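This report was prepared for a reader who has the sequence and the structure at hand. Please consult both while reading.

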Amino acid sequence: VPFWALALVAVACGGDSGATTNEPLASVRDRSEKVHGVLRRIGNDPPTLDPHQVADTNSAVYAVEIFGGLVTIGLDLKIKPDLAQSWELSPDKMTYTFHLRPGAQFHDGKPVTAHDVKYSLERALDPKTLSPTVDTYLDDLVGARERLAGNAPEISGVKVLDDLTIQLTIDAPKAYFLAKLTYPSAFVVDRENIEKEGRDWIRKPNGTGPFKLQEYRIGERLILERNPNYHLGPARLERVE
């Protein structure tokens, strides 16, 4: 199930006060040029904010706003470019060449590169990450099973061609492969952020999504603030509490 759709359901079912929407939060940017105020909603603590460990709707609602991947799902439920601005498929329909947006940035302003994408996919498939879903959503990649089994330091089907170009090779032609990349297990994370903060990195996640995590007090509140430099255009919602 596309997680933008899951996010839609979760937001619609929350007990909101103040500004409300039943669309994914990022889609509010499409409403008008005016920046709206604060969306307040009642919900449960997400079991995780690590996109590579997401396996539930509560976590997905926040992961899709803080992080992003090569592609996403638009409001028309079709695959749309996200961090990748375009891609080509080889004649045998097994190799995808993605071209990243030159202006895509992490929340701290650092450019997103193909090396970040490669690191993120390999982290998701690292058995130490303990992802409950990665074997379903990334198992099509050549070398994914070897990486997940701990028998390979890299994914053989993932190759960086240059800073803004990356190739993903799958084990057979599959029309649904791009859709699987919209799941949080394929989202891009910042290696430096993770290595610097250690186990607490997710309290200060340096994502690429339309919102930044401003504050999180377990059992009390979680606050997201608009990312003014979002590569798909800033959201028209200032903050979510």
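## Basis of the model

The model is predicted: local features need pLDDT of at least 70, side-chain atom pairs count only at pLDDT 80 or more, and totals for chains, interfaces and linings use all residues. Residues are numbered from 1 along each chain as its sequence is written, and side-chain values use heavy atoms, with hydrogens and water left out.

## Nonpolar cores

A nonpolar core is a set of buried Ala, Val, Leu, Ile, Met, Phe, Trp, Tyr and Cys residues joined through side-chain atoms within 4.5 Å. Buried means under 20% relative accessible area, exposed over 50%, and partly exposed in between (1.4 Å probe, protein chains only). The largest nonpolar core has 29 residues, of which Leu70, Phe98, Leu121, Leu138, Leu141, Leu168 and Leu181 touch the most other members. At least two residues of this core come from each of strand S6 (95-100), helix H3 (114-124), strand S8 (165-169) and helix H6 (177-180). Helix H3 contributes the most, with four residues. Helices (H or I, at least four residues) and strands (E, at least two) are DSSP runs, numbered from the N terminus.

Leucine 181 touches Val71, Phe98, Leu138, Leu168 and Ala186, when residues up to four places away in sequence are not counted. Another core, of 21 residues, lies apart from the largest one; Leu39, Ile66, Val189 and Tyr216 are among its members.

## The largest pocket

The largest pocket holds about 340 Å³ of space. Its lining has 14 residues, and those closest to the pocket centre are Thr48, Asp50, Gln53, Arg199 and Ile202. A pocket is an open set of points on a 1 Å grid over the protein atoms alone, where a 1.4 Å probe fits, with protein on both sides within 12 Å along at least five of seven lines; lining residues have an atom within 4 Å of a point.

## Two single residues

Valine 160 belongs to strand S7 (residues 158-162). This valine is partly exposed, with a relative accessible area of 25%. Beyond its neighbours within four places in sequence, valine 160 is in contact (heavy atoms within 4.5 Å) with Ala114, His115, Lys118, Thr165 and Ile166.

Is lysine 180 buried or exposed? Lysine 180, found in helix H6, is buried, with a relative accessible area of 13%. Not counting residues up to four places away in sequence, lysine 180 touches Thr136, Tyr137, Asp139 and Asp140.

Methods: Points joined across faces, edges and corners; volume = space filled by probe spheres on them.
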